[in-house]
Amino acid sequence: MSTNDSPKSLPVGPSVDLKSVESIPTLPSGLPDPETLARMANEFFTALPLAENSATAIPSAGDPAAFGDPSRLGSVFSGGALSEAQLRTATAVLPANVQAQIPAIPGTLIASPSLPEAWDPARFASSGNFSFLEEARPLFSFVNMAAAPAVPLDTIKIPPETDLRALADELSTAPVPRVPETGLASSAPQIPGAPVSPNPSELSVGYAFLNEIRQLVALPAIESSAASPVSPGDLSAINLSSEPFDVAAIRRDFPILEERINGKPLIWLDNAATTQKPKSVIDRLSHFYAHENSNIHRAAHELAARATDAYEAARERVRRFLNAPSTKEIIFVRGATEGINLLAQSWGRQNVHKGDEIVITWLEHHANIVPWQMLCAETGARLRVAPVDDSGQVLLDEYHKLLGPKTRLVSFAQVSNALGTVTPAREMIELAHRYGAKVLLDGAQAVSHMHVDVQAYDCDFYIFSGHKVFAPTGIGVVFGKYDILENTQPWQGGGNMIQDVTFEKTTYQPPPGRFEAGTGNIADAVGLGAAIDYLSRVGMVNVSRYEHDLLVYATEKLLRIPGLRLIGTAREKAGVLSFVLDGFRTEDIGAALNRQGIAVRAGHHCAQPILRRFGVESTVRPSLALYNTCEDIDALVAAVWNLKQGHTTI
């Protein structure tokens, strides 16, 4: 590769040695190779209820029973060529206004006995656009994928006028497993209706919490050989978006991704430090300052009412996002660091005494170490640390040995910011509760990657920062169980947190007000609400599935580079790829990547103890978000390869 060539896209599919990149046929940017596209199409059409070579005939408009339960939305789709008569017969059951919008194109067909009034017929107008399938999906029971026969590739007819890029995007986000075929065991647990690895514990890089989500709503057991139908009502506790996951469309929502750095398109892989903001969040902030700006809770005028309503509506959005029982359990703070300090200085001072013990882990960010050290120094309590194994996962047996009658608090990260390790939160919380300890779960690195349910975890406290979840900086959240908060004295005093003040005595507001002294960050709390709305539209389960595939892809590509060592290889990881490279300082790698427009973090990541556990003082830390792509990873890998080979420019 010459020093002036851009790195070619590495196809999603069978492993390809980097030396053979030059032999890959030239394709439009972002489009998989033809073999992979055909395989994706085969998986897609196979997963749908009917195929042309199936023994099941296409139901006619006069045979509603052929659709099964009339209360559910039936779906008919064929990957083969259909005659005009077949097309019109099968679509005759659609409302007239929808029929008129369906192009008579073989390979594009959906039939239904009923559609919601809000159905947008314009979705059918684009040739080869299958996005309506994902929109329809939550309305009918999930199909039994194993019952559909394989579709021979030569029967798949894609009209010549089809937008192949749009088709590839749709196929790659269709409700069927699309996991890069790497050397890693990478089958990801899926949402109901898709095959599940019979033994998720065998995953090398995985999201076991996807299986936990299934358990939260008591979904029927799904065998790997035959997926049981699940009604939409069973999914009420899961945030499943009705929109397809279209990473190209998502990228268009983030204006900063259009920036150019050193003449190159920005590739933002510093998401563990902070995430970028979608236009909807930026616009919401602008609207607040243009139309609603006022202090809250204190005035009778219209703008105060608007600002208060917007602020409290954001609190309700956070409650739903975390599945907290009440908005009274949601406290707004400046970020996760302030949240931990608030709990240390309020609940901690009140409940932790000399001889008591606080348990943390080796994985913690400094913000979950220093406040507890300060509290222990002040009270005479003892800080104890649970070790991790060589992959970066907490050693549960050793953690259990640290717990006892003196344990007052356990505080640990749900996801490590330095390694990406997903800790076994449920087991750790349950063990701590056996000894009467309270548990703080640090979700700063988790909320942008996975569905969170504080009631399912049964944690006593949960904290996160808004800027890690596509919201503005300077806003964060503390969840606390109400009975605990109600019996906890405030940390800071001042306005807004009081009911009555005399020179002799002050009466405090009930939670959460007693913990929100002074004028809070009103606008950015509203912006956090907008960020949560954005994620709700995308769907956290969709985000988790997509990022899992991307993490596996990136792991496999980085491990091909000689001399590159990944720091943190736990079986369960989320969003972080920390590495060092023989012969190179991490800051030099970061600077070289920056010259290519690639933003990563290079340093100790405010997690020095865990890095020293692995014998390093700093790492290079690319970290992922929902808008990153395989092309971003390819550019990162190409840049590191060139640096390794002595090329300082590409």
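Student: In which helix is Glu587 found?
Tutor: This is a predicted model, in which local features need pLDDT of at least 70, side-chain atom pairs count only at pLDDT 80 or more, and totals for chains, interfaces and linings use all residues. Residues are numbered from 1 along each chain as its sequence is written, and side-chain values use heavy atoms, with hydrogens and water left out. Helices (H or I, at least four residues) and strands (E, at least two) are DSSP runs numbered from the N terminus. On that count, Glu587 is found in helix 18.

Student: Is Glu587 buried, partly exposed or exposed?
Tutor: Buried means under 20% relative accessible area, exposed means over 50%, and partly exposed lies in between (1.4 Å probe, protein chains only). Glu587 has a relative accessible area of 41%, so this residue is partly exposed.

Student: Which side chain does Glu587 join in a polar contact?
Tutor: A polar contact is a pair of N or O atoms within 3.5 Å; within protein, one must be able to donate a hydrogen and the other to accept it, and residues adjacent in sequence count only if both atoms are side-chain atoms. For Glu587 there is such a contact of 3.3 Å, and its partner is the side chain of Arg585.

Student: Why do the buried residues of helix 18 line one face?
Tutor: Helix 18 covers residues 586-595, and its buried residues are Thr586, Ile589, Gly590, Ala592 and Leu593. An α-helix has 3.6 residues a turn, so residues three or four places apart point the same way. Taking the arc as that of the directions from the helix axis to the C-beta atoms, the buried residues of helix 18 line one face because they fall within an arc of 165°.

Student: Which strands and which helix do the buried residues of helix 18 pack against?
Tutor: Contact here means heavy atoms within 4.5 Å. The buried residues of helix 18 pack against strand 14 (579-581), strand 15 (598-599), strand 16 (601-603), strand 17 (619-621) and helix 20 (630-644).

Student: Within what arc do the buried residues of helix 11 fall?
Tutor: In helix 11 (residues 370-379), Pro371, Trp372, Leu375, Cys376 and Thr379 are buried. They line one face of helix 11, since seen down its axis they fall within an arc of 135°.

Student: Which residue follows helix 11 with a positive phi?
Tutor: Here the backbone has a phi near 85°. The residue that follows helix 11 with this positive phi is Gly380.

Student: How is the pair of Phe254 and Tyr534 arranged?
Tutor: Rings of Phe, Tyr and Trp (its six-membered ring) pair if their centres lie within 6.5 Å; planes under 30 degrees apart count as stacked, over 60 as edge-to-face and the rest as tilted. The whole structure holds 9 aromatic pairs. In this one the centres are 5.7 Å apart and the planes are at 90°, so Phe254 and Tyr534 are edge-to-face.

Student: How many residues apart in sequence are the parts that this pair ties together?
Tutor: Both Phe254 and Tyr534 are buried. Phe254 lies in the loop between helix 7 (247-252) and strand 1 (260-261), and Tyr534 lies in helix 16 (residues 522-538), so the parts tied together are apart in sequence by 280 residues.
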